[in-house]
Protein chains: 2
Amino acid sequence: MKNCLIAQSGGPTVAINASLSGVIRGAMASDQIDRIYGGRNGIQGILEERLLLLNPIFENHEENLVKLEHTPAMYLGSCRYKMKDYKEDSTDYDKLCALFEKYEIGFFFYIGGNDSMDTVAKLSVYTREQGLDVKVIGIPKTIDNDLTMIDHTPGFGSAAKFISTAMLEMAHDTYIYNIDTVLIVEIMGRNAGWLTAAASLARNEYSEAPHLIYLPEVAFDKEAFVAKLRELLKKKHHILVAVSEGIKDADGNYLSAQGGKVDQFGHVMLSGTGEVLKGIVQEEIGCKVRSVELNVLQRAAAHMASAADIAESIRLGENGVRLANEGRTGVMSTLIRVSDEPYEVRYDEGDIAQIANQEKKIPREWITQDGSDVTEEMERYLRPLIQGEHLASYENGMPQFLFAPEE
Amino acid sequence: MKNCLIAQSGGPTVAINASLSGVIRGAMASDQIDRIYGGRNGIQGILEERLLLLNPIFENHEENLVKLEHTPAMYLGSCRYKMKDYKEDSTDYDKLCALFEKYEIGFFFYIGGNDSMDTVAKLSVYTREQGLDVKVIGIPKTIDNDLTMIDHTPGFGSAAKFISTAMLEMAHDTYIYNIDTVLIVEIMGRNAGWLTAAASLARNEYSEAPHLIYLPEVAFDKEAFVAKLRELLKKKHHILVAVSEGIKDADGNYLSAQGGKVDQFGHVMLSGTGEVLKGIVQEEIGCKVRSVELNVLQRAAAHMASAADIAESIRLGENGVRLANEGRTGVMSTLIRVSDEPYEVRYDEGDIAQIANQEKKIPREWITQDGSDVTEEMERYLRPLIQGEHLASYENGMPQFLFAPEE
């Protein structure tokens, strides 16, 4: 029997704690794992030996695991820390290996996105080279859905559910006045447009919102946007636009860099992409226009979590423990879609070297020819990911989340 | 038997359709009311004779009433239309009276805020003076909670529940990194700080967020704000600030007017209040800082509706029908709080002349001496209003709302 160590890294989602719960569930059920340590603030906190013993909190406390699965962001805290190449500087690696020996760690699970998988890749090679018997496993997460080797990423489905629900609610909000109105909704996604594409799920039999969708995968053409808006406004009063924060023009420049605002001290300030489009509508169309940034709620709105997403996130954690127990190292727990209808996935593993630092973008054929919408294939891909509502329990009007004990 | 007419006006909330449902339920149960007409786009649409017969949609269709109670914004549409004083120009009034006669309207229910109550006041006097037997009743709504003669307004509790939940979720999102961070959350409220005060409900045994609360009722002191932040950052890494969009400095100038940004064409642009505070933190403190505007979701997030709010909104609609049937006119349906614990209200009426164009602000004694927080009395007042979750039914991952048939 050896002990295991789990940590979380990168930007938050509402499903990362579900993956943590999955790893804990898997570790508690494993006859190869004894103590379960959590590393605070990712690899950075581990290097500072800031560990938290998780057994007393979760063993025989199913209610805490359930609460954890409802809690947004990272129970163990996070970091943004890029490990150097050990060939240049192995200080951090040696420190980690010493800690692994001190705490008798045989299994290390790192829950994170592209950057974190880079850490997993380097560490798995180093421990192997050092002859240290530590299984290093990556557990995926990112609202951006841009990891390769996995059908979709944990956290994405819940963000998609929040975005599509917010879009429909904002459509109702926009439709009430009988005057021409453009609402621009800026959605996260610097290089990949998956989250923005998810706004399309808001469409139903009475509402076509969002009427236009702009993604970073296709160059943004201002003239075409204005022409499209003019055409749409001839037929209807209300146009909702979903736009990725990361759209660029044909020269590859971010739209957000073109707001060109100057503050009172003369500093040039980057404007939001939504604000830039709003400015275009004001200049070129002149109708009522508002821009809304969904902002951090996209990745924090646990109250809108997708049941499908949370269930899969737990399973991906458990699958990671299975992989480790079967002797794998340097791999990421993955899921492969078996079919769309009925929706079915199977759990697998992916070679970490092919995942680290890679980015999965939307296939061009899932975006319409003119680049202002997504196709039906996109909806077929997205729809299963927002199924079911994962509702927290409430006390005194507020959702009940779990918070780690103070150090 | 006479017919009734219902319309909705002003800005949206998630509870206005619940009040509409309450009026419809009351009207269907009344032996004085035959046909139930809805006026589209408030008084403006009524003047254009754009009426929708509601009986076929809702009679024997309880499922549609329930769906309506879950639907945000206005099922009948809204308007921003200020009736002139009839002593100056009675054209609109005469047109309305003619329509009332044509459609045999004996009861008119107008669901709205301060401005709409002004319409109710004028119209009730005019119909009386003309000897027309039409009972004109106001049904309150506004997320701002700034109507007088009523303990709190329908729609406010749901907005408060969304704001406090979002605040707690954003706190979890902020706590993950081990570095000094200030998160500024800009909340609606131009003149009254009720919504911003509701952020205080996010506090629990492990989280003090929001650490600072700034309201329009107290002049904002930049130096005191910076000093307070410096002091707090000595003790903790993460400070969350809730701020009303409408805060002003000691000279009465809106903070939002002081961003002084200039766009690329040289136009001065009004900045959000949150962005202005963010700029102050950047200049004076220099730590990581982000500002988030909750924006339209505050009034549109039906998925976070408070069950207490929706139930009361329905009752206020039904109570309006009762008042009309008892012969009242020129009154607003109100609720009076009988006790905090156990929370109890009774339904009553308020003289519309004392409500129209009035604004209820936060009592000074519910704000701390230094103006950076609210007191316990505030929490006692607010807490009952966010109790219970009013969950829509979902199909295919999306909430099911009701949409009015096309004209």
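In this predicted model, A:Arg328 counts as partly exposed, at 32% relative accessibility. The residue sits in the loop that runs between helix H12 (307-325) and S12 of chain A. Although A:Arg328 and A:Val136 are 192 residues apart along the chain, their C-alpha atoms are separated by 7.9 Å. Leaving aside residues up to four places away in sequence, A:Arg328 touches A:Lys135, A:Ile137, A:Leu323 and A:Glu349.

Beyond residues up to four places away in sequence, the contacts of A:Thr181 are A:Thr174, A:His237, A:His238, A:Ile239 and A:Lys288.

The backbone deserves a look of its own. Most residues other than glycine have a negative phi, and most peptide bonds are trans. Against that background, A:Asn41 shows a positive phi of about 50 degrees although it is not a glycine. This asparagine is placed in the loop between strand S2 (33-39) and helix H2 (42-47) of chain A, and at 8% relative accessibility A:Asn41 counts as buried. In chain B, B:Asn396 also has a positive phi, near 55 degrees, and is likewise a residue other than glycine. B:Asn396 is found in the loop between strand S14 (394-395) and strand S15 (398-399) of chain B; with a relative accessibility of 47%, B:Asn396 counts as partly exposed.

Cis peptide bonds occur in chain A as well. One joins A:Ala209 and A:Pro210, with omega about 0 degrees, and A:Pro210 is in the loop between helix H8 (194-197) and strand S7 (212-214) of chain A. Another cis bond leads from A:Glu341 to A:Pro342, where omega is near -5 degrees. A:Pro342 lies in the loop between strand S12 (331-339) and strand S13 (344-351) of chain A.

Turning to helices, H7 of chain B (residues 156-175) has 20 residues.

The arrangement of the two chains comes next. Chain A is superposed on chain B by a rotation of 180 degrees with 0.0 Å of shift along its axis, at an RMSD of 0.0 Å. The two copies are therefore related as by a two-fold rotation axis. The same surface serves both copies, in that 100% of the contact residues of chain A recur in chain B.

Finally, a search of the whole structure finds one cavity of 30 Å³ or more. The largest cavity has a volume of about 60 Å³. From chain A, its lining includes A:Phe162, A:Val292, A:Glu293, A:Leu294, A:Asn295 and A:Leu297, while chain B provides B:Val292, B:Glu293, B:Leu294 and B:Leu297. Strand S11 (288-293) of chain A and strand S11 (288-293) of chain B are the elements that give two or more residues to this lining. By class, the lining of the largest cavity is made up of seven nonpolar, one polar and two charged residues.

Conventions. Residues are numbered from 1 along each chain as its sequence is written. Chains are lettered from A and ligands numbered from 1 in the order in which they are written. This is a predicted model: local features need pLDDT of at least 70, side-chain atom pairs count only at pLDDT 80 or more; totals for chains, interfaces and linings use all residues. Side-chain values use heavy atoms; hydrogens and water are left out. On a 1 Å grid over the protein atoms alone, a cavity is a set of points where a 1.4 Å probe fits but cannot get out, and a pocket is an open set with protein on both sides within 12 Å along at least five of seven lines; lining residues have an atom within 4 Å of a point. Grid points are joined across faces, edges and corners, and a volume is the space filled by probe spheres set on the points. Helices (H or I, at least four residues) and strands (E, at least two) are DSSP runs, numbered from the N terminus. Ala, Val, Leu, Ile, Met, Phe, Trp, Tyr, Cys and Pro count as nonpolar, Asp, Glu, Lys and Arg as charged, and the others, Gly among them, as polar. The expected span of a helix is 1.5 Å times one less than its number of residues. Copies are superposed by least squares on the C-alpha atoms of residues with pLDDT of at least 70 in both. Contact means heavy atoms within 4.5 Å. Buried means under 20% relative accessible area, exposed over 50%, partly exposed in between (1.4 Å probe, protein chains only).
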